[in-house]
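Here is a set of questions about how labels are assigned in a structural model. Each answer sets a value against its cut-off.

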Amino acid sequence: MNTAISLSDREMTGPMNLDHLMVELDRYRRQSEWLKQVNELHGRLAGATDLQGMIEAFSVWLMPLVEHDLIAYRSLDRSRVHIICSCHGPERRLAMQTAEEVFEKIDCQLDGSCCEWGPFFVQQWQMSFGADPAAANEACLMLLRRGTCIETEEAKILEDALEILGEPLQRALMYEDLFAQARRDMLTGLDNRRVFEERIGSMLETARRHNRPITVASMDLDHFKQINDTLGHAAGDNALQMVAKTLTRMVRNSDLLVRMGGDEFVLVLPDTALEPARLLAERLCGAVDGLELNAGDGSRLGVSIGLVQWSPEMSKDEWLQRADEVLYQAKKTGRCRVCVEEA
């Protein structure tokens, strides 16, 4: 009996047990490799603070594991779109165009299933951030590559990686929201003084380098204090919001429209000489007057505007001071009008 037991023990340490051991060792090796990859991903994501940088870091990390031509992130409300493409030349243009077409048509599913789109295979995954489902940020992540659809093992890598990506992406969203709030006037939605100080230097440098005209419009609302005093601050806030919307509709994307505080606004017009700036300012005056906002005592809200074209010998502060002085002339000579600095 002792011999039989001993023989059984020897049999259990034979080829079958060795095969099982090799399978376990291979599993541990794979787990160790994956943990190493996870640590590398965490490290790359930790070095990025904004969404664009985070998506780029994810793409670089993913490339050796799942080859791809493009990765794109898009919030479902379309307020944020970030595309990272590894192609060049015509291939890059084609990949970018394909991604934009998919985002527009949304014919592909958002569940990670593969669909063919021209020469590319496309997969999208829906993502949700935030503990409160009602307030969650909904988004999708797209992977696009030429030639072959994603294999089962690659899909598993992506699913596991997306779980890791979720929390850093939420952190980046919060950072971007806070950054945007710090640069935005909360009442009107216009850029604030901080944005003006950040951008004005480079705008003047561009005008200097390329010898292009740039004009500033210093604007102040007429009878605004009267609205606050007679009709209340809620009426004043409503007036500011209506004026901001009106001005925004009439300026270019390249222009810089800022609420400096109170009822003071500044409009910087790159590539614009004094005469075309004056024509625009006259239209702005007419548009604000056309709002027909009652200020009490038979008067209504208007806007006075002072215009000064920048010249290379002017400092930024001198330029803005001159614009304020010309604005004062507009106020002094009757309000709801445009005054231009005499050459």
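Q: Are Arg259 and Asp185 buried or exposed?
A: In this predicted model, Arg259 is buried, and Asp185 is buried too. The label requires under 20% relative accessible area.

Q: What makes Arg259 and Asp185 a salt bridge?
A: Their side chains meet at 3.1 Å, N to O. The cut-off is 4 Å between a side-chain nitrogen of Lys or Arg and a carboxyl oxygen of Asp or Glu, so the pair qualifies. The two residues come from distant parts of the chain, 74 residues apart: Arg259 sits in strand β7 (residues 256-261), and Asp185 in the loop between α5 and α6 (193-210).

Q: How many salt bridges does a search of the whole structure find?
A: The search finds 22. One of the pairs is Lys316 with Glu197, at 3.1 Å from N to O. Lys316 belongs to helix α10 and Glu197 to helix α6, so this pair ties together parts 119 residues apart in sequence.

Q: Why is the pair of Glu205 and Arg208 called a salt bridge?
A: The closest N and O atoms are 3.8 Å apart, and the limit is 4 Å, so the pair counts. Because Glu205 and Arg208 are three residues apart in helix α6, about one helical turn separates them.

Q: How do you know that Cys114 and Cys149 form a disulfide?
A: Their sulfur atoms are 1.9 Å apart, and the criterion is 2.5 Å, so the pair is a disulfide. The structure holds one disulfide. Cys114 is partly exposed at 31%, and Cys149 is partly exposed at 24%.

Q: Why is Cys285 in no disulfide?
A: The nearest cysteine sulfur, that of Cys336, is 5.2 Å away; a disulfide needs 2.5 Å or less, so Cys285 has no partner. The sulfur of Cys339 is too far for a bond as well, because the closest cysteine sulfur, in Cys285, is 9.6 Å from it. Cys285 is buried at 5% relative accessibility, and Cys339 is buried at 15%.

Q: Which residues touch the most other members of the largest nonpolar core?
A: Phe58, Leu62 and Leu141 do, in a core of 30 residues. Helix α5 gives the most to this core, with 10 residues. Beyond its neighbours within four places in sequence, Leu141 is in contact with residues including Ile55, Phe58, Trp125 and Leu165. Apart from this core lies another, of 29 residues, and Cys285 is among them.

Q: Which residues make the nonpolar surface patch of about 390 Å²?
A: Leu18, Leu21, Met22 and Leu25 make it. Leu25, in helix α2 (residues 15-46), has 46% relative accessibility; patch members need over 30%, so Leu25 passes that test.

Methods
Residues are numbered from 1 along each chain as its sequence is written. This is a predicted model: local features need pLDDT of at least 70, side-chain atom pairs count only at pLDDT 80 or more; totals for chains, interfaces and linings use all residues. Side-chain values use heavy atoms; hydrogens and water are left out. Buried means under 20% relative accessible area, exposed over 50%, partly exposed in between (1.4 Å probe, protein chains only). Patches are made of residues with over 30% relative accessible area and no salt bridge: like charges are joined within 9 Å, nonpolar side chains (Val, Leu, Ile, Met, Phe, Trp, Tyr) within 5 Å. Accessible areas come from the Shrake-Rupley method with a 1.4 Å probe; for residues, only the protein chains shown count as cover. Helices (H or I, at least four residues) and strands (E, at least two) are DSSP runs, numbered from the N terminus. A nonpolar core is a set of buried Ala, Val, Leu, Ile, Met, Phe, Trp, Tyr and Cys residues joined through side-chain atoms within 4.5 Å. Contact means heavy atoms within 4.5 Å.
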